[in-house]
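Dear colleague,

Please find below the structure that I am handing over to you. My notes on it follow directly after.

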Amino acid sequence: MRERFTLDREQNILFINFAGLRIESREQVDEMAQCVRAAYEAQGRRIYAVADYEGTEIAPEIIDYYGERIKELHDRYGIATVRYSSSGLTRSVLRYLGAAKDLESNTFATREEAIRAIQEIENQLRSETVQSAWSALNPRRSLTGRLLFGWLPASAALIALTALLFNASTDAQLTRVIAVALLLVFVVNATFTALLLHVRVLRPLRRMERMTRQLVTGSHYDPVTVPGRDEISRLAVALNETAEQLRGDIERLSGLYHISLMIGTGTDVSRICELLTRKIARLLGAEMCMILFYNERERQLYAQLPGYGVSDETLGRLRTNLDEQSIVTFVLKSGEPYLTNDAAADPHISRAAAQLLGVREMLAVPLQAGERKLGALAVMNKSGGFLEKDKQLVMIFASQAAQLLANAQLFDQVIMAERLAAVGELVAGVAHEVRNPLFGITTTLSALSRRLEDRETVQPFLAVINTEVEHLNHLMEQLLEHSRPLRFEAAASDIREVIHEAMAELRPQAEAGNIALHCDCAAATKLRFDRHKMHGVFANLLENAIQHTAPNGQVKVAVAASANDPGRYLQIEVSDTGAGIAPENIGKIFEPFFTTRPKGTGLGLAITRKTIHDHGGTITVRSDLGSGTTFSISLPLSPEPH
């Protein structure tokens, strides 16, 4: 990599040869940044970089990281990059990169054009910064010249007055003293005035002029500092504030432009979240930023990976029900942004989440595309606290990002529906094909067992074969259950009866493990549901609870009217005092084929969730590692199943 960097000290240009290079790792980018820093330190002043991108390939997953490092070098060392490439594809990528990372899209076709552009920038910066003695005294061009132009007539008048005093006064000695005193006062005043103007007015104004030229050319600029509180000092402060505001506006516009470039491109959700959280955190100077999506069916908010400044493991633990108290649930329900700079005393904060993340200050805004509530965007911990203008900025980004995320989710739901349909067809076909030979094996095995009844040494082996065949047959049944179209045999019935049946079925297993089974059921309430399918739901949940609960533990089923909507929904909770679920697995337990058991199929909870959803309900889980797990089911009281 170092061989691709050449510093021309005379032209003050670092030439970078990336022609034909593929940039695909962060290590390459870090090495590039080190080479640029070394060149800056060797030159000892601000330098330009001319990069040849002819035939360069930048891996999509590294573009943003690459741009961030360029931006860092630009901000820290004042390094301005001019790029050139004749490749249309490369030029379009570089423009995209420039817009995303707040640099000019100054991409040229040849090296000569790039150097000429640098010379034009330098000429523009140098114009009228070097003044001759005459221009410094010219009344038309200089305040000093105008001051002297005003003082010359006064000096002439003073000299004339002194001469008259010499001629008219009888006391020559007194006249001379007065004249000399007047002349000295004039000279001192004129000198002091000139020095004051030069030090306190002209020099700061020239620095301000240079700064404004740097702003116009898009170069790195140094703020103007003028001590004191006079008009010039206040002008310098106002100019610095304007420059910072202008830089912020440029960054905001570039960020919005970057979002607009991605709309309709089919970029995946995690990639968008990574870009947005990093961009917003940098703009606000915040330590953390994350996006939380709302799952309407489960009435839950969960953090999308990745975020900015928060590990994936921590994000995986951030889940909250809509009825729980937190700032993000408040934002989602109200549709309004929320800002707090004292999280410890804020009444809306979730104490558990605040402790997990170390939240001091927090700004959250809703993500809403039309009437659809997608979730919330949260920014946390900013030195000095968040301001109202920060809230307005994040709202602007959120309004654009919401539509982008909605589009990305639609794409995902479609690169997922097609996949599931294909997998479903494949699974159903395989299951049917496997069940035919399984039936033959079972029949043959039964006949073989009868013929070898008197062979006691063979019976254990036949029993093992029979057990494994039954296991395979059960797996095929589960695969078909998960993949086949919905078939309901719904009827009005008391849900407690199904729960009691499942508990009676599993009570021997619980007693064998010295585990107590309890049922806390409300008054009889009839629902319309498929009895067979719902029996499978509770049998699966109870069996999982018993298997993960240690001896002397407890498994409990509670049935009651929903606390949120008692007239429309029934709430059923299956809880245990077992080992709990690891935080990194909470978001995976309902996925097909995910299991932590050696002989598990990973389909039980997937089928359970599908059955609950097919009945128009939701199922959620909360768990404390080492303390137990609770599955909460919400079922509608009156509507027909979906």
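Predicted model: local features only at pLDDT ≥ 70, side-chain atom pairs only at ≥ 80, totals over all residues.

S15 and S17 are parallel to each other and pair over 6 bridges. They belong to an open sheet of 5 strands, ordered S15-S17-S18-S20-S19, in which the pairing is mixed. At its edges are strand S15 (516–521) and S19, each of which pairs on one side only. On average, and with direction ignored, neighbouring strands of this sheet are turned by 10° against each other. Helix H18 packs on the sheet and touches S19 and S20, and its direction makes about 135° with that of S19.

**The largest nonpolar core**

The largest nonpolar core comprises 35 residues. Those with the most contacts inside the core are Ile495, Met534, Phe538, Ile572 and Ile633. Several elements each supply at least two of its residues, among them the helices H16 (495–512), H17 (531–547) and H18 (604–614).

Ile495 deserves a separate word. With neighbours within four places in sequence left aside, Ile495 is in contact with Thr525, Leu527, Phe529, Met534, Phe538, Val559, Leu570 and Ile572. A second, separate core has 30 residues, including Ala281, Ala398, Ala402 and Leu405. As a general point, nonpolar side chains tend to be buried together in soluble globular proteins.

**The H16–H17 pair**

How do the two helices H16 and H17 cross, and at roughly what angle? Their axes come within 9 Å and cross at roughly 35°, and the crossing is right-handed. On the H16 side, the residues that meet H17 include Ile495, Val498, Ile499, Ala502, Met503, Leu506 and Ala510, together with Glu497, Glu501, Glu505 and Gln509. From H17, the residues taking part include Met534, Phe538, Ala539, Leu542 and Ile546, as well as Arg531, His535, Glu543 and Gln547.

**The six-stranded sheet**

A further open sheet has 6 strands in the order S10-S9-S8-S13-S12-S11, and its pairing is antiparallel. Strand S10 (319–321) and strand S11 (338–340) stand at the edges with a single partner strand each, so one side of each has no neighbour in the sheet. From one strand to the next, the twist averages 20°.

- S12 (residues 362–369) and S13 (residues 372–382) are antiparallel and pair over 8 bridges; Met362 stands opposite Met380 in S13.
- S8 and S9 pair in the antiparallel sense over 4 bridges, and the bridge partner of Leu292 in S9 is Ala303.
- S9 and S10 are likewise antiparallel, with 3 bridges, and the bridge partner of Tyr302 in S10 is Arg319.

Helix H9 (residues 269–284) lies across strand S8 (286–295), S12 and S13, and runs at about 145° to S8. Helix H11 (residues 327–334) lies across S8, strand S9 (300–303), S10, S11, S12 and S13, running at about 35° to S12.

Which residues of H11 are buried? They are Ile327, Val328, Thr329, Val331 and Leu332. The buried residues of H11 pack against S8, S9, S10, S11, S12 and S13. Gly335 follows H11 and has a positive phi, near 75°.

**Ile63 in helix H2**

Ile63 is placed in helix H2 (residues 63–77). Its relative accessibility is 11%, so Ile63 counts as buried, the cut-off being under 20%. Ile63 and Glu24 are 39 residues apart along the chain, and their C-alpha atoms are separated by 8.8 Å.

**Confidence**

The mean pLDDT of the protein chain is 78, with 77% of its residues reaching 70 or more. Over residues 99–105 the pLDDT is below 50, and this stretch has 26 contacts in the model beyond near neighbours in sequence.

With kind regards

How values were computed
Residues numbered from 1 in each chain as written. Heavy atoms only, no water. Core = buried A, V, L, I, M, F, W, Y, C linked by side-chain atoms within 4.5 Å. Buried < 20%, exposed > 50% of the residue type's maximum accessible area, 1.4 Å probe, protein only. Contact = heavy atoms within 4.5 Å. Pairing = 2+ DSSP bridges. Axes fitted to C-alpha atoms, helices over the stretch in contact; angles between N-to-C directions. pLDDT = per-residue confidence, 0-100. Left-handed = near helix turned anticlockwise from the far one by under 90°.
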